[in-house]
Amino acid sequence: MSMSTAHLGKVAKPGKSVLEQAKFAELNSVPALLARNAREFKNAPAYREKEYGIWQSWTWEDTAEEIEALALGLLNLGVNEGDHIAVIGRNRPYLYWSMVAAQMVGAVPVPLYQDANAEEMAYVLGHCGARFVIAGDQEQVDKVIEVQEDLHQFEHMIYLDPRGMRKYDHTRLHEYEHVQVQGRAAFDELEKELKRRVEAANWDTTCVMLYTSGTTGKPKGVVLSNRNIVVTAQNSSDFDHLKRDEEILAYLPMAWVGDFIFSMGQAMWAGFCVNCPESPETMMTDLREIGPSYYFAPPRIFETQLTQVMIRMEDAGNFKRKMFHYFMEHAKKVGPKMLDGESVGLMDKLKYAVGEVTTYGPLKSALGFSKVRVGYTAGEAIGPEIFEFYRSLGINLKQLYGQTEAGVFITQQPDGQVRNDTVGVPSPGVEVKIGDNGEVFYRSPGTFVEYYKNPESTADTKDAEGWVATGDAGFFEEDTGHLRIIDRAKDVGKMADGRLFAPKYVENKLKFFPDILEAVVFGDGRDTCTAFINIDLTAVGNWAERNNIAYASYQELAGHPEVYGSIASHIAEVNKSVAQDPMLSGCQIHRFLILHKELDADDGEMTRTRKVRRKIVAEKFDDLITALYDGSSEISTVTEVTYEDGRKGSISATLELRDVEVQADQKMAAE
Amino acid sequence: MSVTDLEPYTTEDGREIGGVVMEMKNITLRFGGVVAIKDISFDIRQGEIRAIIGPNGAGKSSMLNVISGFYTPSEGQVWYQGQPRPAMKPFEIARQGVARTFQNIALFEGMSTLDNIMTGRLTHMKSSMLSQGLWWGKAQQEEAKHREVVEKVIDFLEIQNIRKTPVGRLPYGLKKRVELARALAAEPQILLLDEPMAGMNVEEKEDMSRFILDVNDEFGTTIALIEHDMGVVMDLSDRVVVMDYGKKIGDGTPDEVRNNQDVIDAYLGVAN
C-alpha cells in the first residue's frame, strides 16, 4: 500500500533561492524573518509534526525551501497580489507554510476555523472573496465544494491529504505536493516575479486577516498589517525573554489570533520550533512528549486537565491519594510564594523539595508541564483554585488580556506579579485608558488596520487617534497598577431596582465549580436573577459512577434530583460570595434550571471559541426563561439540535425549576 | 445474475472492477447430518465490494469460513486466482492474501492496539522465531519495516490516540476498528469482514462504512462482507449474494436483489 503525504525529498536547487536573493531593508514581514532564520539558524529545527508515530522534523533551511516551492506553485496557479487565500485545517506545518507562501506572493492568508460548518465557512469565504482555498483533508474540501456555487470569486482549491479524493474532479482541485512540484519546475520563469513580490512587502501591507468569532452578529474580518504582527511579536518575545530554544505545541485553532501570534509571529521572530500534534485526540500525549517551555491554553483546558487529575486521584490507592493531598496542601501554602520569589522558611522549603520528588515532579511530567518556563491563560476568567493549583506546582502560569483587534496583547502579568483576579499591566508599547463609562480603551503598534469591507464597524471601534474600544468594563487597581476586568461592557446592565447586573461576574464564579461547565445568568431589567446551568459530563459522570447512580444520557444525568441538589448548593455558595459586594448583591440567583443539552457551537449557542452567545440562548430558550420567572415548578420543552454532519433533529424534555437560598442584603434588610 | 459480462468495467463512482479473483464452485458443507451450505456457486471480482446476506442461520458465516479456509467444503471447490485451491491451513491461506475480521471480536485483550495490529504482519515476517524472540539481527530491521506499515494503517483508520491503550479497555466500536486494522496490516488481496457493523450505533456505522469504502478505494482491496444492516449493505456493495437455509436464493446488484421475489419472501415471510 502506498499512502503518503510526507514531504518530498529535497530537490536540487536551481541556483540561489528567491529567499536568498531577496533584499530586505528591514525585518518587516514574515518572509523576511523566514529568510533570516534560514540563513542564520540553518539546521536548527523549525517545525515538527508527529506522523506515523514518529516526530518528523524540518530545519529552517528545509522550511524555507518548502515554503518557497509552494509560493512558486501559487504563482504558477495565477495568484494575484491582494488575493485572499483561505487556509482550513488542523494545525499542521504545511498549513503554516501555506500562510507564509501566501504572504510571499503578496496575497492575504485567511485561516478559518476547521470545525466551522459549511454555512459559516461560506459566509467567510464569500466575505473575503477568496480565490484560493488550501484545505487539510477531504472533510474540509467537501464543505467548500458544498457551498462553492455561491462563491463567485472562488477558483482553485489545494488539498494536503489526498485520501478519499482520487476520484474527485480535478479541474479546480490540486494536490499540495503537485503544486510544489510544478512551482519548482517553473522556477526559472517565476523567479523574478516572486522576488519582486517578496520585496514589495512593507510595514503597512497586510500580514493576515483573521475573522473574529463574533459573540454577536456575523464574524468580522480583522486586517492585521506586518507592523501589527512583527512589532507585537518582537515586544512580547522581549517581555518574556523568548529565545530560539523554546518549544511550543501548536494545537489551538489556526484561525485564532493567539495561535497566529505564538506559532507564527513569535516563532518566526524568536526562531523557535513549532510542534504540531499527531491528531487532535493525541494532544495530551504529544504535549507530554514535547514538554513545551512556552505554553498557552484557555482556562477550559486547564480546567479539564485538573478535573482529570482529580478523577484519577480519586481512583488511586489510599496511600497515593493521601500523599497527594498532603503535599498539595503544602504546595498551596508555599508554592505560589516561592514562584513569586518571596522568602519562605527552611522547613517549608525542604518539605516542598520532598513534595517535588514524590508528587509535583511526577504530576507535572504526566501533564506535560515539566519544562514550562512561561505559561499563559486568557480568553475567559480562570477559577482561582485552578490557577493556584498550577502555580503551587511551580508552573509559571500567568494571565494576559487581549483581543484579535490588538494582535493579542493589551495587558499581561510580569513574572513575580501574578494574581488570579487581575490581568496585569499594559504590555510593552501599549497604552491603556479607562473611559467615563468604565470601558477599557487601548492604543498600540498591534492595533488592527480595519475591519475588512466594514468601515462603519471600524469607525465604531477605533477612533481617529487610534484608540480602540474593547467592549469590556474594567479599572486599574490603585496600589498595584494592574487592570481588573469586570464584565463585557454591553452585558453589564441594571436590575429593575437600579442595582448593577453583571452576569459574567456571577457565571465565572459558578463555572469555578468542577461540575458546572457553563452557566448563563439572566436578570437585566428584572427584579431577580435566574440561571441556566450546563453540567460537566466528565466530572458529574464520574461522581455518578462512584455513587452507583445509573444514567443513560446527558439529559437524564442533568435531570437527576441529586445533581440538582448539589448544583443548588453551589449556587447558594455563590450567592453568599456575591452578597459580599453591595454593588453586585442584586445578582444573586433566585431560581435555576439545568439545561437538557450542552450549549454547542453547532447550534449557534456558542462561538467557535466556546463563548456563550447570550442573546441567541435567550431567544432560543425563551420558554424556559419565562418559566423561571412565572414560578412554575417544571416545564416541557422541545429543542432543535444540529448534528455534527449538519443534519437537524430535536429533543424534548421536561425540566425541573428550582429555588435557591439567597442572602439578605443591606437593601432588603432595610425594608 | 446480470453482471455476466466478465470484462473489467468502471463503476459509477469511478472504481475499477477487474476479472474474477475468487470463485466458489458448487460448494456444499456438512456437519454430520446437518447441511450448512448446499451447492452454492458465486464469484468475487477484483476490486469489488461483495456482500453476503441472509436471515439468521442461513449459513453466511459458514460461507465466510469456507472462503478463509477455516472450513474445507465437503463438496465443490474454491478457485483462487484462476486455480483450484487445495485444502490448506488458514494461515497458509492468509499468506496468499486473504485476511478477515470476526463476528465476535477476536483480539488479544491484554495487548496494546499497536501490538495487536503488529500480529497482522506475522504472515510477512521472515526472520526466525529465535531471532524474533531475542530481537536481534534481522528481526530488528524487519520490525522497523513492519512497524512502518502498521503505522500507516493506524493513520489511515485514525486510531493514533489509542496506539498504546490495551485493547481490553477500548469500547466495542473501536475494537472493531482495531480488528479491521489488524486485517489491513496483512496487506490483503481479499478482505473478509464478518458483520463489521454489528452492535454499532449510527455514528459508528457511518465511520465504519467510510473506512470500508476508503480501503477499497485507496488500496483497491477486494472486500467480501456479511452484514445484517440492509441499508448499509445496499449502499456499500457492488453485488450481493443472498442465502437462506444454506441455499443461494439471489445474486446480483443491490437493486436486482431488492426486487427479487425469493429474497423478499425470505426476509418478510410468505403468506400461507
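Predicted model: local features only at pLDDT ≥ 70, side-chain atom pairs only at ≥ 80, totals over all residues.

1. Strand β24 (residues 516-522) of chain A pairs with β25(A) in the antiparallel sense over 6 bridges, where two strands count as paired if DSSP finds at least two bridges between them, and where helices (H or I, at least four residues) and strands (E, at least two) are DSSP runs numbered from the N terminus. Within this pairing, Ala519(A) has Ile533(A) as its bridge partner in β25(A). The hairpin that β24(A) and β25(A) form has 6 residues between the strands, and in it Gly523(A) takes a positive phi near 155°.

2. Residues are numbered from 1 along each chain as its sequence is written, chains are lettered from A and ligands numbered from 1 in the order in which they are written, and side-chain values use heavy atoms, with hydrogens and water left out.

3. β25(A) also pairs with strand β26 (residues 589-594) of chain A, here in the parallel sense and over 5 bridges; in β26(A), Arg591(A) is the bridge partner of Thr530(A). Of the 7 residues of β25 (residues 529-535) of chain A, 7 are buried, so the strand is largely enclosed by the rest of the structure; buried means under 20% relative accessible area, exposed over 50%, and partly exposed in between (1.4 Å probe, protein chains only). Both faces of β25(A) are covered, with Cys529(A), Ala531(A), Ile533(A) and Ile535(A) buried on one side and Thr530(A), Phe532(A) and Asn534(A) buried on the other.

4. Elsewhere in chain A, an open sheet of 3 strands has the order β8-β9-β19, with antiparallel pairing. The edges are held by β8 (206-211) and β19 (450-451) of chain A, each of which has a single partner strand, so one side of each is left without a neighbour in the sheet. β8(A) is joined by 5 bridges to the antiparallel strand β9 (residues 221-225) of chain A, and Leu210(A) stands opposite Val222(A) in β9(A).

5. The contact between the chains (heavy atoms within 4.5 Å) takes 16 residues from chain A and 21 residues from chain B. Between them, chain A and chain B bury about 1,800 Å², 49% of it on carbon and sulfur atoms, buried area being the accessible area (1.4 Å probe) that two parts lose on being put together, summed over both.

6. There are 5 salt bridges between chain A and chain B, a salt bridge being a side-chain nitrogen of Lys or Arg within 4 Å of a carboxyl oxygen of Asp or Glu. One of the salt bridges is formed by Lys167(A) with Asp217(B), whose closest N and O atoms are 2.7 Å apart.

7. Two residues of chain A may be set side by side. Met583(A) lies in the loop between α20 (561-579) and β26 of chain A and, at 51% relative accessibility, counts as exposed; not counting residues up to four places away in sequence, Met583(A) touches Arg499(A) and Leu500(A). Lys398(A), by contrast, lies in strand β14 (residues 397-403) of chain A and is buried, with a relative accessible area of 0%. Leaving aside neighbours within four places in sequence, the contacts of Lys398(A) include Phe239(A), Asp240(A), Tyr376(A) and Asp415(A).
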